[in-house]
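This report describes selected features of one protein model.

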Amino acid sequence: MDKTIKVRDAARSFILHNSTWLKIVGKGALTFASFLIINYYFGYVTILKNPIVAFVLAIGCAFIPFRAGGLIVMSYIFVHLTGLSVQVAVVFLLFMLASYVLSMFYGATHMFNINYAPVFLQVQLPYPIVLVSALCGKLSDVTPVICGGVLSFYLKVIRENASLFIEEGQDISVIDVISKRMIVNPLFYVYVVALIALFVIIVLVKDCKIKHAYAVSIVSGVFAEMVIMMLGYIMTGNIGKVPLLILANVIAVAVGVIMIFVFRDLDYERIEKVQFEDDDYLYYVTAIPKIELAREEKRITRITDAKKDYHKIRRRVDRKEKDPDDVTDEADG
């Protein structure tokens, strides 16, 4: 166990000492991946499809606050959608504004569910984002999860029915697509419910007074979400999507385990229960100590220049031979 703790402490120390650059690299990588996904699935504006443009924008997002980068990602999608249909882009903008207003009204802080879940649903990977939000957030952050789920499914429906807006002679509005391809689609409700279950279960279980609460919350939340999605795929005849679902949830669990390993340091093997009372109350306390290793004391031995010391000693010996009364020690000087 000591080796595991040492690895964790080394990782934590590395992150702590390089946090500034790691944040910059992380934000840049996340936004660059988002731009590439958007270009592949919603590349309706030619100039934005250039990877160089995406790379330059990602570098800019790396040096600005995380929320501002998320807004740029949303703006990037909006501009691409204008190349498909202005009405599609306007409805997307209205969805986005409504999501932000509702989330702020309910005191949510994790707006990245609105920004990045819609993007990563296109590659079947919205679950790690919601899982990270649940591990780091609180119950009020469920609003961005719901809004992100609605917005992401809207983009999915638009992507799957883009030909209706491109082909000439097609007289169809975005409202028709929403009403006939989204509102009546059972997978829409299954998907939103699965995200809510994943988020709520993790938030509620992680603070329970049980051993390994964070690990239990991840396993139970991911299991509930995966069961809901599997049932939805089976009922709607989309069994072929199950392997991708399993892979996405394996990645989500891996992300959660890494977060626990690096940022959680409770020693569940030394749980202590304490009982004490005063005049009015009887108190029961469960104490879970943090895992700590004894700090190794580093001894630094200074090795001087042997050649320089030799010449000093040689000069001292020569001086004593010439004048035995002179006992000045040049080495001490």
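How many cavities of 30 Å³ or more does the count come to? The model, which is predicted, has one such cavity.

## The cavity and its lining

The largest cavity has a volume of about 90 Å³. Its lining is made up of Leu121, Gln124, Tyr127, Phe153, Lys156, Leu187, Tyr191, Met229, Tyr233 and Lys241. Three helices, α8 (142-160), α11 (186-205) and α12 (213-235), each contribute at least two residues to this lining.

Lys156 takes part in a salt bridge, and Gln124 has a positive phi.

## The salt bridge in helix α8

The structure holds one salt bridge. Its partners are Lys156 and Glu160, whose closest N and O atoms are 2.7 Å apart. The two residues are four positions apart in helix α8, so about one helical turn separates them.

The partners fall into separate accessibility classes. Lys156 has a relative accessible area of 9% and is therefore buried, the limit for this class being under 20%. Glu160, at 45% relative accessibility, counts as partly exposed.

## Positive phi angles in two loops

Most residues other than glycine have a negative phi. Gln124 has a positive value, near 65 degrees. Gln124 is located in the loop between α6 (112-121) and α7 (127-136), and its relative accessibility of 16% places it among buried residues.

His212 also has a positive phi, near 55 degrees. This histidine lies in the loop between α11 and α12. With a relative accessibility of 43%, His212 counts as partly exposed.

## A nonpolar surface patch

On the surface, a nonpolar patch is formed by Trp21, Phe55, Ile59 and Phe63. Together these four side chains belong to residues with about 480 Å² of accessible area.

Trp21 is part of helix α2, which spans residues 19-42. Its relative accessibility is 58%, so Trp21 counts as exposed, the class that begins over 50%.

## Cysteines

A search of the whole structure for disulfides returns zero.

Definitions and conventions. Residues numbered from 1 in each chain as written. Predicted model: local features only at pLDDT ≥ 70, side-chain atom pairs only at ≥ 80, totals over all residues. Heavy atoms only, no water. Patch = residues over 30% accessible without salt bridge, like charges linked within 9 Å, V, L, I, M, F, W, Y side chains within 5 Å. Areas by Shrake-Rupley, 256 points an atom, 1.4 Å probe, with all protein chains shown as cover. Buried < 20%, exposed > 50% of the residue type's maximum accessible area, 1.4 Å probe, protein only. Disulfide = S-S within 2.5 Å. 1 Å grid on protein atoms, 1.4 Å probe; cavity = no way out; pocket = protein on both sides within 12 Å on 5 of 7 lines; lining within 4 Å. Points joined across faces, edges and corners; volume = space filled by probe spheres on them.
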